[in-house]
Amino acid sequence: AESKSIAKGVNHSTFTVYISYKCPPLGLESLKVKDSQIQASSYKRMGLGPHRGRLNIQSGVEDGDIYDGAWCAEYKDQNQWLQIDAKKLTRFTAVILQGRGSIWSLDYVETFKVQVSNDTIKWKPCMNATEEAVFEGNKDSETPVLAILPEPAVAQYIRINPQTWFKNGTICLRAEIMGCELPDPNNIYPWQAEEGTKDKLDFRHHNYKEMRKLMKSVNEMCPDITRIYSIGKSYMGLKLYVMEISDNPGKHELGEPEFRYVAGMHGNEVLGRELLLNLMEYICQEYKRGNQRIVHLVEETRIHLLPSMNPDGYEMAYKKGSELAGWSLGRFSYEGIDMNHNFADLNTIMWDAIELETDKSKLINHYFPIPEHYTSEEAMVASETRAVIGWMQTIPFVLSANLHGGELVVTYPFDMTKDWAPKEHTPTPDESFFRWLATVYASTNHVMSDPDRRPCHNEDFLRYNNIINGANWHTVPGSMNDFSYLHTNCFEVTVELSCDKFPHASELPIEWESNKESLLVYMEQVHRGIKGVVKDRDTEAGIADAIIKVDDIDHHIRSAFDGDFWRLLNPGDYDVTVTAEGYFPATQSCRVEYEHYPTICDFHLTKTPKQRLREILAKGGKIPKDLQLRLRQLRIRKLRARPVNYV
């Protein structure tokens with residue numbers, strides 16, 4: 001991104017640049033500016049209309065549809081303009097320009113003028129001393145360029161007037177306007193003018209050092225319920241810090257489910273990072289105030305918050321800032337790896353096995369092992385990905401969400417299509433519960449649930465109630481969601497939090513208020529379904545790695561190291577069978593109610609005679625008479641079942 005000064009013959013100081021950023025964006029990118037507020041002199045067609053002239057807006061795959069990647073004028077002359085109505089008197093300080101987002105066309109504006117007006121009849125040009133200022137625009141179609149006005153201009157309307165453009169292209173642009181809204185002298189209730197939140201949280205963008213400092217301050221404020229730990233390091237050596245929140249931090253409690261939020265897999269999608277930092281602050285504050293909902297959540301759940309999975313990428317985007325980072329700077333790891341495609345592809349292994357295996361009883365449907373080639377040091381696996389996989393394997397997570405940005409939708413597994421189709425509905429055996437999880441977040445999010453909101457880019461997710469099967473949007477091989485479901489017990493969805501990947505700091509309070517209830521109610525879903533402990537009938541010791549099977553759902557889970565388990569299920573009656581090596585299977589019926597707490601389904605398993613014999617012989621003990629009798633009966637039964645060969 002270029003942030004140099006821009007009007008010809010004007011040398012802007014660092015101070016001027018700083019002052020321009022004291023004014024926030026009007027909100028073309030964030031959709032705060034409505035379509036009706038944007039007009040143009042002309043446009044080629046609806047898909048290239050003025051409403052598409054928003055910074056970082058993304059086009060559809062096909063040219064010619066209603067979702068193209070810029071405003072494009074119908075004519076190629078210097079009389080074309082894009083006009084924004086700020087609705088109120090505003091001190092305009094800067095314009096940010098970008099070319100057309102398209103994989104087929106190359107169009108951008110090279111120089112432009114700016115005019116302002118209070119009535120759209122009389123227009124005043126922005127001046128550079130005694131001459132009308134001409135600003136430098138783009139040199140490519142993707143890099144945002146900042147143009148600071150020589151003097152702030154006070155008006156209601158602003159026009160961008162292209163003067164020259166790429167010689168082989170046409171007049172196309174995406175834009176954002178920086179400006180400070182002036183107080184309305186007719187408003188006698190100025191404190192009601194701005195929406196926000198009553199929560200007193202640290203609403204700003206935090207770089208790595210500031211993030212670490214905030215986490216430390218939360219830990220010091222609530223030492224009894226928080227713990228900071230690291231799961232590894234990024235390629236550049238930045239630690240992947242996690243905030244644990246629990247009434248007994250540092251240990252897994254029998255029967256208490258483990259929950260995680262992961263943010264910042266793509267370093268430039270920063271809203272999730274700030275929301276998790278706000279969430280840990282909020283939980284700490286409300287716990288101390290005695291908020292019973294929060295107290296219950298902390299006492300009944302072990303919560304893990306990873307605010308930055310890709311800190312290297314974040315630092316790159318952070319240095320450019322919210323409006324100048326563009327669409328992809330900081331998305332990848334420092335090595336250039338997209339972590340959203342970097343987990344082991346277990347889907348293909350599963351589908352290949354289903355296709356090739358003739359004996360279906362030999363098929364597995366959970367805990368798929370990671371292929372050897374993936375675990376080798378030569379494999380193109382990011383150090384951050386390896387750290388998260390190790391984390392998943394260490395803690396028996398039950399539920400998770402992966403926070404992204406750039407859209408407004410919740411996606412659920414599978415994320416990958418069969419046979420590498422570009423997109424196709426590809427459900428898991430737990431489709432109904434995943435749809436419930438996605439709906440819980442989407443329906444409580446203020447922006448997603450607004451029936452009048454416009455689409456972010458090129459997909460109208462409102463028609464799907466803001467949830468979609470990930471593979472039905474676009475196929476993602478090697479996603480964290482699919483890996484989590486197939487390799488561990490943990491169910492995970494992806495939440496696309498906002499149209500704008502890097503919202504301005506001024507928008508963070510509103511974003512927090514929009515997502516606060518969603519973040520809390522989603523965590524509470526970890527208590528839906530059944531939970532219990534699988535124990536040895538004789539010793540009462542917990543049995544690890546017992547397999548929990550639910551009739552009619554072809555996906556099993558396993559008990560944790562001390563025998564406890566959690567199976568997420570919708571309300572209903574279920575026949576549940578538990579098996580473990582060396583034990584007789586046990587089955588019972590479990591009813592899941594609509595209440596926000598799980599049904600307790602404990603299992604006591606009886607050792608098989610063979611297992612008892614192995615353990616006794618291993619200890620050098622004497623075989624009890626009841627076991628001798630049981631083994632003799634088994635031998636007789638086996639002899640009777642053996643076929644007789646007549647000579």
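1. Which residues of helix H5 (residues 311-320) are buried? They are Pro 311, Asp 312, Gly 313, Tyr 314, Glu 315 and Ala 317; buried means under 20% relative accessible area, taken with a 1.4 Å probe and protein chains only. Their cover includes H2, strand E12 (239-245), helix H3 (271-289) and helix H8 (383-394). Just after H5, Gly 321 has a positive phi of about 100°.

2. On the basis of the model: it is predicted, local features need pLDDT of at least 70, side-chain atom pairs count only at pLDDT 80 or more, and totals for chains, interfaces and linings use all residues. Residues are numbered from 1 along each chain as its sequence is written, and side-chain values use heavy atoms, with hydrogens and water left out.

3. His 205 lies in the loop between strand E10 (172-181) and helix H2 (208-221). His 205 is buried, at a relative accessible area of 11%. Its side chain reaches the backbone oxygen of Pro 503 at 2.6 Å. Beyond neighbours within four places in sequence, the residues in contact with His 205 (heavy atoms within 4.5 Å) include Glu 210, Glu 274, Tyr 314, Phe 502 and Leu 508.

4. Helix H4 (residues 292-300) and helix H12 (residues 508-524) have axes that come within 11 Å and cross at roughly 45°. Arg 293, Ile 294 and Leu 297 of H4 meet Glu 517, Leu 520, Val 521, Met 523 and Glu 524 of H12. By class, that contact has five nonpolar, no polar and three charged residues.

Terms used: Axes fitted to C-alpha atoms, helices over the stretch in contact; angles between N-to-C directions. Helix = DSSP H or I, 4+ residues; strand = E, 2+ residues; numbered from the N terminus. Nonpolar A, V, L, I, M, F, W, Y, C, P; charged D, E, K, R; others polar. Buried < 20%, exposed > 50% of the residue type's maximum accessible area, 1.4 Å probe, protein only. Polar contact = N/O pair within 3.5 Å; in protein donor to acceptor, adjacent residues only side chain to side chain.
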